[in-house]
Amino acid sequence: MKGEGMETENLLEIRHMRKSFEGLGVLRDISLTVRRGEVVSVIGPSGSGKSTMLRCATLLERMDGGSLSYLGQAVCRMEEGERGDSVYVSKSELRRFHRYFGLVFQNFNLFPHYSVLKNITDAPVRTAGAAKEDAEKTARELLARLGLADKADAYPCQLSGGQQQRVSIARALALKPEILFFDEPTSALDPELTGEVLKVIRQLAKEHMTMIIVTHEMNFAREVSDRILFMEDGLIQEEGTPEELFHSSKERVQEFIGKLAAS
Amino acid sequence: MDLGTILLQLGGGLIVSVEIFCLTLLFSLPLGLIVAFGRMSRNGILRTVTKVYISIMRGTPLMLQLIVVYFGPYYLFHVRISAAYRFIAVIIGFAVNYAAYFAEIYRGGIESMPRGQYEAAQVLGYSRAQTFFLIILPQVVKRILPSVTNEIITLVKDTSLAFVIAVAEMFTLAKQIAAAETTIVPLMIAGAYYYIFNLVVALGMERIERHYRYYEG
């Protein structure tokens with residue numbers, strides 16, 4: 001399906017996303033369109049709403065206002081009127097959207113009581129109706145691709161953080177998502193382990209996997225992204241290609257990038 | 001009465017004690033889970049009802065609860081109590097009491113699970129029931145095993161409380177024989193039986209704990 005003419009297909013469309021916690025506006029007005037094959041990085045100081053945006057997009061949180069759709073199908077639409085509250089589809093309909101996206105967490109969230117192989121095969125078998133043999137074949141291929149071929153029978157507690165994160169990427173990929181979200185995938189890792197995870201994401205970018213990456217790794221974002229968003233105060237303050245962003249005329253963007261690049 | 005006869009008679013009582021023990025676990029372990037769900041429910045009424053239930057079960061003597069379960073039907077509804085009801089009353093009383101303790105153990109275990117496990121399962125498309133029974137509960141079981149072992153060992157000894165409604169379990173028999181024969185030997189033997197019973201239970205629980213040691217977390 002990834003033929004010509006599909007190149008400009010919008011996988012994800014967010015319009016006027018709004019979210020507050022106990023009256024505190026965390027997301028104030030976020031609009032974002034991601035096309036197939038695009039790699040979008042989201043940067044910004046902590047508390048800027050990056051993770052909340054990701055959590056709303058992956059249905060872990062419900063947004064208060066605005067609309068969200070995958071492949072042109074509405075997860076929630078925006079109500080008419082000034083406030084534009086989000087109106088979600090029914091709960092049963094909501095579940096089918098899970099097959100469109102995957103999410104890689106900051107702290108991996110692997111299932112500790114499952115072996116590496118079972119972590120990867122269980123969801124396809126139980127939630128996507130895959131045959132066990134097919135799921136295992138896919139899982140072993142993924143593990144080989146991510147340099148973990150010999151870890152299939154290990155348990156998460158026996159792996160390093162970097163290896164665990166690669167397993168969690170494999171787990172997400174096993175469901176063949178259209179779009180993969182990363183929530184600060186290297187923030188919980190020792191510096192010497194971030195490299196192996198970034199290498200995997202880089203490889204996925206080369207294979208034109210559509211990805212949205214919340215990260216503090218400025219140089220990595222610059223290298224791997226088609227587009228970078230700078231978020232602050234619940235708004236996208238600046239958006240553009242890495243070159244545009246790194247040469248932004250906005251002082252705040254420069255200050256933020258400079259600070260992180262120096263660290 | 002010679003030693004062999006005493007050993008044999010008490011052995012019969014031990015079987016009744018084991019029956020009480022097994023049936024109590026069979027009913028109270030699942031019932032405790034249901035009570036724990038009620039205790040953690042989003043429904044305020046359900047939460048209050050289960051909270052009061054747990055409070056009463058833990059706040060009053062099990063011995064008194066057994067008597068109430070046994071004589072309650074007569075005093076409240078003037079139902080004739082049959083002989084068979086004795087044993088049933090013991091099982092009801094124990095199951096309902098232990099369910100309250102197990103419920104709190106389950107709740108502690110479930111609430112100690114990191115939210116990330118639920119979120120990962122949700123994103124992977126697991127239903128709520130799948131998430132609980134496949135991802136959460138197996139991990140909870142590992143975490144609560146030491147507390148459950150404690151409770152189960154207490155249960156072995158608590159089976160002796162069945163004497164208050166004259167169920168012929170081991171302790172009841174030991175007391176009767178001791179009184180009739182004016183000797184302390186039956187009580188010593190009963191003690192030894194309880195101890196061996198608990199030793200077996202403890203060994204069994206240790207095996208289960210060892211089984212779960214294949215992962216950390």
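Guide: A cavity is a set of points, on a 1 Å grid over the protein atoms alone, where a 1.4 Å probe fits but cannot get out; its lining residues have an atom within 4 Å of a point. Grid points are joined across faces, edges and corners, and a volume is the space filled by probe spheres set on the points. The model is predicted: local features need pLDDT of at least 70, side-chain atom pairs count only at pLDDT 80 or more, and totals for chains, interfaces and linings use all residues. Residues are numbered from 1 along each chain as its sequence is written, chains are lettered from A in the order in which they are written, and side-chain values use heavy atoms, without hydrogens and water.

The structure holds 1 cavity of 30 Å³ or more, and the largest cavity has a volume of about 90 Å³. Its lining comprises 13 residues, with G102(A), L103(A), A172(A), V123(B) and L124(B) nearest the centre.

Turning to nonpolar cores, each is a set of buried Ala, Val, Leu, Ile, Met, Phe, Trp, Tyr and Cys residues joined through side-chain atoms within 4.5 Å, where buried means under 20% relative accessible area (1.4 Å probe, protein chains only). The largest such core has 99 residues, and Y70(A), F181(A) and I212(A) have the most contacts inside it. A second, separate core of 36 residues includes V39(A) and V104(A).

Finally, C56(A) counts as buried because its relative accessibility is 0%.  C22(B), at 41% relative accessibility, counts as partly exposed, a class that lies between buried and exposed, the latter being over 50%.

Key
On a 1 Å grid over the protein atoms alone, a cavity is a set of points where a 1.4 Å probe fits but cannot get out, and a pocket is an open set with protein on both sides within 12 Å along at least five of seven lines; lining residues have an atom within 4 Å of a point.
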